[in-house]
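The sequence and the fold come next, and my notes follow them.

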Amino acid sequence: MKWINGEGYKWDKKEIHEDCPAIVSYFLAEKKSSPVIIVFPGGGYGHRAYHEGEPVAKWLNYHGFHACVARYKVRPIEQQETIQQGLNMVQLVKQKIAEIPELKDQRLGVLGFSAGGHLAAMISNLSTPGLVDFQILCYPVITMGEYTHEGSRTNLLGHVPTDILIDRFSAEKQVHPNTPPAFLWSTVNDASVSVMNSYLYAQALQENRIAYELHLFPDGRHGLGLANDHLTVKQWSDLCITWINQHFTDTTEKRSEIND
């Protein structure tokens with residue numbers, strides 16, 4: 001797996017299949033003590049959307065967080081290899097930050113959009129407890145069942161997936177008592193990925209007593225990313241930064257409050 005320094009890196013803005021798998025790092029130059037967040041762009045497991053990758057990493061940098069962008073495998077995907085690949089990516093980032101004295105005790109989060117949200121949610125539930133400290137899911141694909149995004153399911157599971165595969169890769173069915181806290185947002189009239197995906201995940205978190213924050217906006221197309229051009233939805237980014245700062249920065253005591 002490649003580790004690429006994001007400084008000066010030239011992205012192909014189509015972001016289809018190049019240099020995969022790879023982690024493109026946007027660690028702050030001063031190596032300040034702050035959380036590290038891995039960004040998983042969306043794209044229906046068919047491509048990776050540029051605007052949900054590097055611009056998001058730079059937004060996180062602006063607010064004082066270290067970031068990485070995951071270049072994970074998209075179509076064709078053999079035997080759901082992308083899920084294990086995502087788990088390996090988290091392990092690699094964890095190893096890298098352990099080598100930096102200022103970061104070795106910092107929290108590690110995952111942030112995903114759409115199908116990247118599905119990947120981030122699966123990683124959060126399948127990784128070793130404590131490896132991922134928090135998850136941020138933006139208009140996520142969650143279920144492979146009734147309310148799924150058909151393109152994402154087809155690209156990940158194939159054209160005629162079995163019920164066993166559908167259950168195994170529905171993130172809401174993988175939530176457990178050690179699932180990390182979550183921040184979720186979606187728009188109610190999203191025509192591509194039903195808001196029911198966020199509802200299903202929030203319900204599973206609620207049933208397992210996992211702390212979460214859910215924001216639903218009444219209007220907004222799918223794939224807004226940072227949503228800088230949408231007067232209402234762009235509020236998600238400030239709400240998210242506040243959530244991270246409130247629960248996952250500074251002292252150990254402060255970090256633990258969310259699970260009390």
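Across which strands does helix α1 lie? Before answering, I note that this is a predicted model. I find that α1, residues 54–62, lies across β2 (22–26), β3, β4 (66–71) and β5, and that the helix runs at about 170 degrees to β4.

Entry on the sheet. I looked up the strand order and found an open sheet of 8 strands, arranged as β1-β2-β4-β3-β5-β6-β7-β8, with mixed pairing. The edges are held by β1 (2–5) and β8 (212–217), each of which has a single partner strand, so one side of each is left without a neighbour in the sheet. On average, and with direction ignored, neighbouring strands of this sheet are turned by 15 degrees against each other.

Entry on β3 and β5. I checked the pairing of β3 (residues 36–40) with β5 (residues 108–113), and the two pair in the parallel sense over 5 bridges. Here the bridge partner of Val36 is Leu108 in β5.

Entry on β7. I asked myself how many residues of β7 are buried. For this strand, residues 182–187, the count is 6 of 6, and I describe β7 as mostly covered. Its side chains point two ways, with Ala182, Leu184 and Ser186 on one side and Phe183, Trp185 and Thr187 on the other, and all are buried. I recall that in a regular strand the side chains alternate between the two faces of the sheet. As for its neighbours, β6 (residues 134–138) runs parallel to β7 and is joined to it by 4 bridges, with Trp185 of β7 as the bridge partner of Cys138. The pairing of β7 with β8 is in the parallel sense too, over 6 bridges, and there Phe183 has Glu213 of β8 as its bridge partner.

Entry on α2 and α3. I find that α2 (residues 81–98) has 18 residues and reaches 26 Å from its first C-alpha to its last, close to the 26 Å expected at 1.5 Å a residue. Among the buried residues of α2 are Gln85, Met89, Leu92, Val93 and Ile97. I then looked at how α2 meets α3 (residues 115–126), and their axes come within 9 Å and cross at roughly 65 degrees. Since angles of 65 to 115 degrees count as roughly perpendicular, α2 and α3 are therefore roughly perpendicular to each other. Their crossing is right-handed, and the contact is made by Thr82, Ile83, Gly86, Leu87 and Val90 of α2 with His118, Leu119, Met122, Ile123 and Leu126 of α3.

Entry on backbone details. Which residues does a cis peptide bond join? I find Arg75 and Pro76 joined in this way, with omega about 0 degrees, and Pro76 is found in the loop between β4 and α2. I also noted Tyr45, which has a positive phi of about 60 degrees although it is not a glycine; Tyr45 lies in the loop between β3 and α1 and is buried, with a relative accessible area of 0%. Ser114, another residue other than glycine, has a positive phi near 55 degrees. The place of Ser114 is in the loop between β5 and α3, and at 5% relative accessibility I count Ser114 as buried.

Notes. Residues numbered from 1 in each chain as written. Predicted model: local features only at pLDDT ≥ 70, side-chain atom pairs only at ≥ 80, totals over all residues. Heavy atoms only, no water. Pairing = 2+ DSSP bridges. Axes fitted to C-alpha atoms, helices over the stretch in contact; angles between N-to-C directions. Contact = heavy atoms within 4.5 Å. Expected span 1.5 Å × (residues − 1). Buried < 20%, exposed > 50% of the residue type's maximum accessible area, 1.4 Å probe, protein only. Parallel < 35°, antiparallel > 145°, perpendicular 65-115°, else oblique. Left-handed = near helix turned anticlockwise from the far one by under 90°.
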